[in-house]
Structure formats: structure tokens, C-alpha cells
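Here's a quick tour of the fold, the core and the surface. Have the structure open and follow along.

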Amino acid sequence: MDFFEYAQIAFQFVNADTWYVPFVVGTLCFLMVFIFQAVGLFVIAGREGYKNKWMAFVPFLNTYYIGVCGQKNRAFKAVDTRYLALAAAILEFMLAVGYAVLFAATFELGDAGCIKPVTEETAYGLAVVDYVLKEVPVNLAWAAWCFECLNKYILTWVDLIFLALQVFVLSAFFQTFSARRYFIFTITSVLFPIQGILIFILRNNKGMSYREYMRREQERQYRIYQQYARQNYDNPYDRNPYSHDGYGGSSESNPYSDPYGGNGKNEENKSGGATPPDDPFSGLGGGNGGDPFDN
């Protein structure tokens, strides 16, 4: 698939006389990235102990082998990453065949003069060139169908399904060998045909389970918190607020303790509170705290 992406990019900068340039550029770019990816997968498979390392050097099978190398993590709990990678490899093969047929049909129509460029101006003043068919002979009816229907109604939808599978497979792979940056690497690989270079960069990283990585990160954060708590022993969240007063003392010296804990007698409050004052009406009878009407 990367070959056609490179070829389509190069096709925007050539004219009809240099139609072969996109294929040359696409081939060179594809080979460069393909070699980087193959070497990266081969090194990873050798270190992790995976069999059939030769698949890393075979087109389409290397897409499946990405899932093999990333099998320590799963996009879904119940689905093995290798199965998703196998489905992605099959769809990639179908897309390669479909785009090859589309390119062949386009050049057949171009040689017969059946493609007419139409220039349209957008609302922003940009010129957009579109290609339409004109006077297609009967023997090129198949090419006309491929030009108008194959890409629009078949390849586009197959490409979307392949893209979704590619996201899951690459996500599992990069979670295995670059857990901290797996999201950035996955999005970059999907948007730009440079996944082979990224895989080559990560070839020396040891594979791990993403769940294990998250568990270790949580433990590391907890150890940092414990160290901070030990260094800051006066942490207000490390003591019971109901066993200390607001001045750093215990409840025995708390001025807001119950002042009547000693049942109103002139003795030290058993609960540790202040001693209540004498009854101002004690001279009227009944003693301190008594009823004046009892006499």
C-alpha cells in the first residue's frame, strides 16, 4: 500500500510525458521504508524469540508479522492481535491488486485519449483539475468501469476497513515496544507512510505488556507520594483531625472541650475541660447548684 501512496504523491508533480516518474519514485521510497521495517521486525523477532522471522521480508506477510511481534497486547480483550493482523494483510493484498488494476485502466484510457482534464475554480480561487471520460470504445468498457466505479464504490470502503484494522494492529505493536508514546506513533504511521522507519527506530526496545507498564507507573507514582509524605511529616492529611485541636495539642488542652464534664462541681473537669464557675444563686439556698425552693 505504501508504494501506491508514494506514487500518488509523485503523480501530482508530473505531466503526461513523464508518466513513468511516479512509479520510479514510488518504487524507491517503498524499497527504502520496506527495508527499514523488515530489518526492524527481524531484530525484534530474534530478541523476543518469535519464529518465522523471514516473514518480515515478504510484502503483505510483514503486515501479519507486525501483529505477531505485538501479540503481548490486544486491541480487544477477546481478540488476538495476530488475527487482526492477518485480516489486515488480506485486505492489503486486495487493495494492492485493486489499485494495480485501476492504474492499468487509467493508462489504457489515457493512451486512447478517453480522459479529458477539466479545470474548475474553487471558492477560494484555487484551480482544481478533474478528469472525465469521453467517447470510450467498447473494448475499453472494463477500463471505464474501473475508472469510475472501482475506486469510488469498492476500493474506498475496503481502504477504510483496512485503515481501522491498521490502527488496532499498530496500536498493539507500539504499546508493546513504545508504551509511553504509542498513541503518537500509531497516528503518525496511519497518516504518513513511515511506519517502517518508526519500527526500525524501536528495534532495540524490549517488549512489554501495556497493563504491566501501567501497573509499574502507578507503583512509581505511589513511591514518589510516599517519599513526599515522609519528608513532610507534618502533613495535615496524615493525622486524625478529631484527635488534635487546632493549635497542635491534644483534646485535653482543647479550650472547646465540654465545660460541664465534671457535672458542675468545683473540681477539675474529668474530660479535660475548664472548671465551670460557682452558682451565682447559691446564697438563696440549696447549696451550689441546688434548687432555692427546696428550703
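## The chain as a whole

Take contacts (heavy atoms within 4.5 Å) in the protein chain between residues at least 6 apart in sequence: 52% of them join residues at least 24 apart. Bear in mind that this is a predicted model, where local features need pLDDT of at least 70, side-chain atom pairs count only at pLDDT 80 or more, and totals for chains, interfaces and linings use all residues. Residues are numbered from 1 along each chain as its sequence is written, and side-chain values use heavy atoms, with hydrogens and water left out.

The protein chain has eight helices and two strands, where helices (H or I, at least four residues) and strands (E, at least two) are DSSP runs numbered from the N terminus. Read along the sequence, they come in the order α-α-α-α-β-β-α-α-α-α. Of the 295 residues in the protein chain, 31% are buried; buried means under 20% relative accessible area, exposed means over 50%, and partly exposed is in between (1.4 Å probe, protein chains only).

## Inside: the core

A nonpolar core here is a set of buried Ala, Val, Leu, Ile, Met, Phe, Trp, Tyr and Cys residues joined through side-chain atoms within 4.5 Å. The largest one has 39 residues, and those with the most contacts inside it are L41, Y65, I66, C69, F173 and F174.

Have a look at F173: leaving out residues up to four places away in sequence, F173 touches L41, I44, I66, C69, G70 and I199.

## Outside: a greasy patch

On the surface, L86, I90, F93, M94, V97, V101 and W142 form a nonpolar patch with about 640 Å² of accessible area together. Such a patch takes residues with over 30% relative accessible area and no salt bridge, joining nonpolar side chains (Val, Leu, Ile, Met, Phe, Trp, Tyr) within 5 Å, and like charges within 9 Å in charged patches. A salt bridge is a side-chain nitrogen of Lys or Arg within 4 Å of a carboxyl oxygen of Asp or Glu, and accessible areas come from the Shrake-Rupley method with a 1.4 Å probe, counting only the protein chains shown as cover for residues.

Helix α4 (residues 81-111) gives the most to the patch, with six residues. I90 lies in this helix and is partly exposed, at 47% relative accessible area.
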